[in-house]
Every structure is written in C-alpha cells, then in structure tokens.
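Welcome! Take a moment to look over the structure below, and then let us walk through a few of its parts together.

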Amino acid sequence: MKILLRVATLGVAMAATISLIAQNVDAKEVLRSINEYRAAASAEARANNTPFDANAVNAEVKRMAVEATQKVEVSAIAPADAYDWAQVFFIAQRYEETCELCEKFIKSKPAGAAKFQAQMLMMNACNAQGEADMILMTLATTEAPGWNESQMLARQVVGSYSATIAKEKGVDAAIKAIDSAEQQVIFEDPAAYAARNLPAMKRTAPKNRDGSDMTDEQILASLTANGKSVNDSLKFSFVRRKAELLADANRKPESLAMLDAFVKSLEPSNPLVRSAQTYRSQLTLTGGMAPPLSFERKYGDYTSLADLKGKVVLLQFTAHWCGPCKASYPDVRKVYDELGSKGLEVVMITRFYGYYGAERDLTPDQEYAKMEGFLKDHNLIFPMLFTSNDMFTNYGVSGIPHMALVGRDGTVKAIQVGYSAPSFAEFRKKIEAELNASN
C-alpha cells in the first residue's frame, strides 16, 4: 500500500489528503497519517500564534478516515488488524462496523490491556448510536487491568454512558452501571501518590508561607493531602452523577438523601463538603422560584426578574477571565438569535474581580469601563449585571459558566454547569421544550 500525504495551509489550519492508490490499505499507516496531520495542524497554529481550529481539523480527519474505509471489506479484515481498523471506522463515524471489528478483535483473546481498549471503543461506538443494551452487555464483561484504565472507565460511564443508559433503560439501570464502574476503580494510596509526585514537586522548589524552603517531610505531607483529595473528588463524581440522574427523574428526595449521606461521610473541614452542599442548593433551586437578582451596576436594559415574568430567561453566570465562558458565547448568541422571537431572554451575570487581563488592582469603575469593550469584542448584546458573591451563592454557582433556565412562571427549570458544544446542545433542548410548553 502507498499513502501520499499532502499538507497545505488552509487559513489557520493544515489540510491533508490521503490518496489511496491500492485497495490493500494498512490501518496503522492510516492512523499514523491522521496523527501526523493533527500534529502538523497544531504545530502550524502554534507557529503562527493563531487559534487551533478543532472543527476544521476534525472534519478533515473524518474525511481522511471515510476515504480510507471506502476501499475496505470489513469481513476480510484479519482479527489481528481488527482493532486498528475499528479506530479508523470510528473516526469515519461508521459505528456499526466499529462494533463488528471490536467484537472480532475481542474474540481473538487479546491481552488484558488490548482487550480493555477494544471494549472501550466498542462502548463508545454503541454510545454514539444510543444502544444502551450493548453498552450494558459490554460493560458487564469489561475489567480494567490497571489504575489508568479504571480511571478511564469511570470517566466514560459517569460522563457519557450513564446518560444513554438512563434514557433507554431507566435511571436505576444507569445507577447500577455507575456502581459497577466505581467498584472497579483503583484508588491510589495517598502516601504512594505523594512518593510518586515528590521528585517533580521538589523541582519547583516550593516555599512555606514565611518564604522558607519546604522540607521533604512538609512536601510529602502536602502531597499526601492532595492524594486523598483526588480520591475524594472521584468518589464525589459518582455520588453527584447519581444524584443528578435521580433529580432529573423527579426523585429529588432520594437525590438529596444521597448527597446528605456523602457529606456525613466526610470530615467537616473537607472542601468537598462545600461542593456537595453547593450542588444540593442547585437541586433544591430547580423547581422553585428564581432568587431575585440584585446588582451594583449593569450594561443593557434590565430591571428585575419579576419584570421578565412571562418570558423564558437564560441566566448565565460568567467572567471576563473564563475561557469556557467565552467559548460558550457564540452558542448563546445563536440560541438567542433563533429563539428570541419565541420569548427567550438572556441575562449575563458577573462580579468585580479587581483585574482585567494583565492589569491588576483595578477599581470597580475601571473594571466596569473595560467590560464595555469586552461585550463588543464578544458580540454580546445581552444585559450584563455586576452582582455580589451572594447572588452566586443563591444560585448554587460552583463553577462557571453556570446557566439557569427560568420559566415564564418565574421558577427555575434547569441548571447547566460548564460548557461544551454537546452539553449546550442538550441544554438547548430544555430551552426549546420550555418555550414550547409555555406557549
């Protein structure tokens, strides 16, 4: 097989073309060419100090994979090559063939780590098709062979598979899947975590508050505490996801009881106590009246939530320094442009931080003045309120962007924390449903 890779500049990204001039295509070479293209596109963006256009790169990568798979007969692929080809078919978004190839590879009885990777790819393909039954069947036979794999399995079940399972098989099935993943998690001993990270930490020459150098014993003590915190945070991710699923299924009492039990299991000084209580506030907020929004200053036309009663209101807690917030703005603007005529309003909420960009020690007046340009730069035509920390607390803000959807009756219908294109697409469905239900 011969693959010709052409890399050329296309705006801010690189473009590459795989020309297949023989039908005997090698999957490893296809994957290598795809990885080289991604690396070249990333390197060009860094060299030119331009944004990395992930959408354009992903589109080109998919095209490369589609072209490669067009000349391949799945039934003719040898089991030893099946996993490599499964990766190419997955990139091409040919998920049925991905599952078929993963199954063929797994039946060849590969070693533990290789089998696990194929099972994960198979579940990802099933998830992309919304096939909860296949996810559950594969999950029942999946064993994480090590620490990294157990962490990967946990992240995927909690962050992705559980939603598909809950939608197709119900909340109890999703919670059972989460419990199954949690049982496989290998929690690293905090002392081992500290010993592993000690050399790297020492290279940073950490200091005590009085400016003196930290001793090895002090560094180890700090790292041991960090190791425990890492484990606790992972445990909370399981609890939080199960509580979220229960709340979404209108089983809020069970959800709140689960969070309360988790809080009781922690030392009062554990930072996760506040995280769990903040999330509990989010759950209790949903379904109740939206707290009033007092503000010190504002941009735009806004008086109060009471004056917006009869509208569906999207509240976004945001900040000028927040990268994910900025990434969300085009989608927020798009949803407003498309749904504003149906009764949607958007209100941005922030607070004063005392700095803007590289400028420090700014007064509220100075920071407020900077925000006028910020609104223009990001094409934000919505009211921007400058509030106190109390407003963030009242809305259970644990991270930004934090979005609250307020219905025409003034009650909070949904909460969304963080931003990604897929998660916002799901949140948009809730906005549309509320607009339709309120008409």
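## A helix across the sheet

In this predicted model, helix α14 (residues 364–377) lies across the strands β3 and β6 (384–386). The helix runs at about 15 degrees to β3.

Both strands belong to an open sheet of 6 strands, arranged in the order β3-β6-β5-β4-β7-β8 with mixed pairing. At its edges stand β3 (297–299) and β8 (412–417); each has a single partner strand, so one side of each is left without a neighbour in the sheet. From one strand to the next, the twist averages 20 degrees.

## Inside the sheet

How do strands β4 and β7 run relative to each other, parallel or antiparallel? Strand β4 (residues 312–317) and strand β7 (residues 402–406) run antiparallel, joined by 5 bridges. Leu315, for example, has Ala404 in β7 as its bridge partner.

## Helix α1

Now to helix α1, which covers residues 27–48. Its 22 residues reach 32 Å from the first C-alpha to the last, close to the 32 Å expected. Buried residues of α1 include Val30, Leu31, Ile34, Tyr37 and Ala41.

At the start of α1, a side-chain oxygen of Asp26 comes to within 3.3 Å of the backbone nitrogen of Lys28. Just after α1, Asn49 takes a positive phi of about 55 degrees.

## A residue in α2

Val57 sits in helix α2 (residues 54–69). Val57 counts as buried because its relative accessibility is 2%.

Conventions: Residues numbered from 1 in each chain as written. Predicted model: local features only at pLDDT ≥ 70, side-chain atom pairs only at ≥ 80, totals over all residues. Heavy atoms only, no water. Helix = DSSP H or I, 4+ residues; strand = E, 2+ residues; numbered from the N terminus. Expected span 1.5 Å × (residues − 1). Buried < 20%, exposed > 50% of the residue type's maximum accessible area, 1.4 Å probe, protein only. Polar contact = N/O pair within 3.5 Å; in protein donor to acceptor, adjacent residues only side chain to side chain. Pairing = 2+ DSSP bridges. Axes fitted to C-alpha atoms, helices over the stretch in contact; angles between N-to-C directions. Contact = heavy atoms within 4.5 Å.
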